[in-house]
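Good morning. Please keep the structure in view while I talk.

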Amino acid sequence: MNSQESTIETGEAQEGSLGQIKVNHTVVSTIVKMAAIKVPGVLAIGGNFVENFIAQISSKESDKGVRVSEDEAGNYKIEIRVLMEYGTELAKTAETLQMIVAKQVSNMTGKPVASVDVVIEGVKMADEKASEPSEEAAE
Amino acid sequence: MSELFEQANELLDQLPPFAIIGIFAVFVLVLLGLGSMLKRPPSRLTAFSSDTGSVLVSRKALQDLIRQACLRDEWVQAARTVVKISGSKINTSIDLRLTSPTNLKETSERLQSRISELLQKSLNFDQIGKIEIMITSFGKTDVDEIPATPDSSTIQAKDATLSTAPRNEDSEHEN
């Protein structure tokens, strides 16, 4: 199995079953981004300059700012780097973000989420962010 | 293994002394670079951890947050912040350009309490160390252009350190 792909169990493997469903980590990271950007107070998703640059040249645009891995039990471990809006309660927003992302990912993939680590990479005014080309919105 | 050592020895014998010194200097520089990289302070601080995961804040985010808090003050024209994380404590130093030299102490004290309140409320940080404020200029002079003068004076404000540099008349005339 590809390390970028996770498998969703669709019941015991037996004759006549339709087979396994595989979800690529890129898909999970897209779900994470789409869920995260809707959280009030989150301005953008994105890592640091080096990470963004690597994502740019490796054409893995959708992975930018989100890292998806799995623990021993096969549950998702998610790390998300965000840019937050000045004036919001950062800790509260991050907590909301954790819950929303975990809920959305487990709802859409049917697989539990072990942890969602949020890294606040920057704080900006809402209008200031619009003028920065390096930090992209998830859409 | 011994052959390899002999080959290396022969190679060193063939090399001129300045090349050996050069190689040695590069080796030392690489070691120093690695050492400084390992000694670098952590660039992230854990705000809290729970069953759902951890929330970490980067040094840049803290600097952004503090800078924005300063810029919201009506007397502050520009601000440059440096955050140092030592253990779980945050030490901040801020260079400020104020609109006018009046209300120096009040502005600095107000900013200190605002920043400490912000870090406590927004990120649940209770380990707030020193908040050093350095007034570098007034008016339109760029904060980045003015170095901190060695004859700057320091006065104690609450439990944090407040430093004020004397007004830089020359640079103000330039602008």
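Chain A has a mean pLDDT of 79, and 69% of its residues reach 70 or more; pLDDT is the predictor's confidence in each residue, from 0 to 100. Over residues 133-139 of chain A the pLDDT falls below 50, and this stretch has 16 contacts in the model beyond near neighbours in sequence. Two residues count as in contact if their C-beta atoms, placed from the backbone, lie within 7 Å.

This is a predicted model, in which local features need pLDDT of at least 70 and side-chain atom pairs count only at pLDDT 80 or more, while totals for chains, interfaces and linings use all residues. Residues are numbered from 1 along each chain as its sequence is written, and chains are lettered from A and ligands numbered from 1 in the order in which they are written.

For chain B the mean pLDDT is 77, with 75% of its residues at 70 or more. Residues 145-175 of chain B have pLDDT below 50, and that stretch makes 54 contacts in the model beyond near neighbours in sequence. For the complex, the predictor gives an ipTM of 0.75 and a pTM of 0.68.

Now the helices. Helices (H or I, at least four residues) and strands (E, at least two) are DSSP runs, numbered from the N terminus. Two packed helices are described by the angle between their axes and the distance between the axes. Axes are lines fitted to C-alpha atoms, for helices over the stretch in contact, and angles run from 0 to 180 degrees between N-to-C directions.

At what angle do α1 and α3 of chain A pack? Helix α1(A), residues 25-37, and helix α3(A), residues 90-109, pack at about 135°, and their axes are 9 Å apart. The two are therefore oblique to each other; under 35 degrees counts as roughly parallel, over 145 as roughly antiparallel, 65 to 115 as roughly perpendicular, and the rest as oblique. On the α1(A) side the residues are A:V28, A:I31, A:V32, A:A35 and A:A36, and among those they meet in α3(A) are A:L97, A:I100 and A:V101. This contact divides into 10 nonpolar, 2 polar and no charged residues. Here Ala, Val, Leu, Ile, Met, Phe, Trp, Tyr, Cys and Pro count as nonpolar, Asp, Glu, Lys and Arg as charged, and the others, Gly among them, as polar.

In chain B, α3(B) and α4(B) pack at about 140°, with axes 10 Å apart, which makes α3(B) oblique to α4(B). B:L65, B:I66, B:A69 and B:C70 of α3(B) meet B:L111, B:R114, B:I115 and B:L118 of α4(B). By class that is 7 nonpolar, no polar and 1 charged.

Next, strands, which pair if DSSP finds at least two bridges between them. β3(B), residues 76-86, and β4(B), residues 89-98, pair in the antiparallel sense over 10 bridges. B:I85 stands opposite B:I90 of β4(B). Their hairpin has 2 residues between the strands, and B:G87 takes a positive phi near 65°.

Strand β6(A), residues 113-124, is joined to β2(B) by 3 bridges, and the two run parallel. A:I120 has B:V57 as its bridge partner in β2(B).
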